[in-house]
Amino acid sequence: MISTHSLEEPPLTQTWAQLGMGVGCLSFVDFLANLMRLGNYATFQIIAQCITVFNTVLLLPIWILWLGKQLETIQIQQQAQAKPENQPLTTTATATAPKAQQQQQEQQQQQQQTWILLP
């Protein structure tokens, strides 16, 4: 059976994406209302101001804060996946063991210092 659905959850929720689409559509309606102010200033001035205030004071900050919360959750999940859960135990000490431990510590430090950049 062929499916287009992924087994993994998407990193950003669909509700957040829908809110973003709503903000974008309201911005377009706001742009149109501002254009229509040229024809009937009084009527469309009120409409444009209401849409602008609702969109930029309420919806856009909610969308940005929600994005920040989701990115924080994604970063925590990726850091948890990058950590090795079970490290093998060595029973015999060899001359190369300290060198291997040093390399492993350097790799862990590099992983901790790496920032995750998302578009």
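Helices here are DSSP runs of H or I with at least four residues, and strands are E runs of at least two, numbered from the N terminus. The model is predicted: local features need pLDDT of at least 70, side-chain atom pairs count only at pLDDT 80 or more, and totals for chains, interfaces and linings use all residues. Residues are numbered from 1 along each chain as its sequence is written, and side-chain values use heavy atoms, with hydrogens and water left out.

**How α1 meets α2**

- Helix α1 (residues 14-36) packs with helix α2 (residues 41-82) at an angle of about 155°, their axes 9 Å apart.
- That makes the two helices, α1 and α2, roughly antiparallel, a word used for angles over 145 degrees.
- The residues of this α1 with α2 contact divide into 18 nonpolar, seven polar and one charged.

**A look at Ile-51**

- Ile-51 is found in helix α2.
- Ile-51 counts as buried because its relative accessibility is 14%; the cut-off for buried is under 20% relative accessible area, with a 1.4 Å probe and protein chains only.
- Leaving aside residues up to four places away in sequence, Ile-51 touches Leu-26, Val-29 and Asp-30, where contact means heavy atoms within 4.5 Å.

**The chain as a whole**

- Buried residues make up 10% of the 119 residues.
- Of the contacts between residues at least 6 apart in sequence, 67% join residues at least 24 apart.

Conventions: Axes are lines fitted to C-alpha atoms, for helices over the stretch in contact, and angles run from 0 to 180 degrees between N-to-C directions. Angles under 35 degrees count as roughly parallel, over 145 as roughly antiparallel, 65 to 115 as roughly perpendicular and the rest as oblique. Ala, Val, Leu, Ile, Met, Phe, Trp, Tyr, Cys and Pro count as nonpolar, Asp, Glu, Lys and Arg as charged, and the others, Gly among them, as polar. Buried means under 20% relative accessible area, exposed over 50%, partly exposed in between (1.4 Å probe, protein chains only).
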